[in-house]
Amino acid sequence: MRVILDTNVLLAALISPHGPPDMIYRAWHAKRFELVTSTTQLDELRRVSRYPKLKPILPAHRIGTMVNNIQRAIVLDDLPDPPADLPVADPQDLFLLAMALLAEADFLVTGDRKAGLLKLQSVRRTRILTPTQFCAETLS
């Protein structure tokens, strides 16, 4: 099973241990699924972690450890442009859909209800779920 975790899910795993995002991250460490990421997402993770509102709760060494760990996942370098007809409210999330299509991922897990990814429910074969839904369907 191939899974893409939105950057907000990865950050939530660090911020709130014992919640669904942390359970998902630990499941990947336990090799229960293949994690798919990209150089674009790794850059986003580094950039977002420097936001002033996150610095007090996310020490740089924890982000660094996560980035190093995630580099052992399937890392996509050159992402194609996603189909232009995908109705996504936040263009910043298009790279996630491009990753899903290129990797033929089974799931895209996101906690961002405002961006509209969850409203899509799926893109081709990739189902789009919240962390809670993903845990209930695949990790129980």
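**Entry 1: burial**

I count a residue as buried when its relative accessible area is under 20%. The model I am reading is a predicted one. I looked up Phe107 first. Its relative accessible area is 10%, so Phe107 is buried. Next I checked Phe134. Its value is 0%, so Phe134 is buried as well. I then turned to Phe33, and found that both Phe33 and Phe134 are buried.

**Entry 2: aromatic pairs**

I asked how many aromatic pairs there are. Taking ring centres within 6.5 Å as the rule, the count comes to 3 aromatic pairs. I looked up Phe33 with Phe134. Their rings form an edge-to-face pair, 5.8 Å centre to centre, with 85° between the planes. I then noted where the two residues sit. Phe33 is in the loop between α2 (20-29) and β2 (34-38), and Phe134 is in helix α7 (residues 131-139). They are 101 residues apart, and the pair links distant parts of the chain.

I went on to Phe107 with Phe134. The ring centres are 5.4 Å apart and the planes stand at 75°. An angle over 60 degrees counts as edge-to-face, so this pair is edge-to-face. Phe107 lies in strand β4 (residues 107-109) and Phe134 in helix α7. The pair therefore ties together parts that are 27 residues apart in sequence. I wrote down the grouping too: Phe33, Phe107 and Phe134 form one aromatic cluster.

**Entry 3: Ala27**

I moved to Ala27, which is found in helix α2. Is Ala27 buried or exposed? Its relative accessible area is 5%, so Ala27 is buried. I looked up its contacts, leaving aside neighbours within four places in sequence. Ala27 is in contact with Arg32, Phe33 and Leu139. Phe33 is also a member of the aromatic cluster.

**Entry 4: helices α1 and α4**

I turned to helix α1 (residues 7-15) and helix α4 (residues 60-70). Their axes come within 11 Å and cross at roughly 130°. That angle makes α1 oblique to α4. I noted the hand of the crossing: α1 passes α4 in a right-handed crossing.

Which residues make the contact? From α1 they are Leu10, Leu11, Ala13 and Leu14. From α4 they are Arg62, Ile63, Met66 and Ile70. I sorted the residues of the contact by type: 7 are nonpolar, none is polar and 1 is charged. Arg62 of α4 is part of this contact, and Arg counts as charged.

Definitions and conventions. Residues are numbered from 1 along each chain as its sequence is written. This is a predicted model: local features need pLDDT of at least 70, side-chain atom pairs count only at pLDDT 80 or more; totals for chains, interfaces and linings use all residues. Side-chain values use heavy atoms; hydrogens and water are left out. Rings of Phe, Tyr and Trp (its six-membered ring) pair if their centres lie within 6.5 Å; planes under 30 degrees apart count as stacked, over 60 as edge-to-face and the rest as tilted. Helices (H or I, at least four residues) and strands (E, at least two) are DSSP runs, numbered from the N terminus. Buried means under 20% relative accessible area, exposed over 50%, partly exposed in between (1.4 Å probe, protein chains only). Axes are lines fitted to C-alpha atoms, for helices over the stretch in contact, and angles run from 0 to 180 degrees between N-to-C directions. Angles under 35 degrees count as roughly parallel, over 145 as roughly antiparallel, 65 to 115 as roughly perpendicular and the rest as oblique. A crossing is left-handed if the near helix is turned anticlockwise from the far one by less than a right angle, and right-handed if clockwise. Contact means heavy atoms within 4.5 Å.
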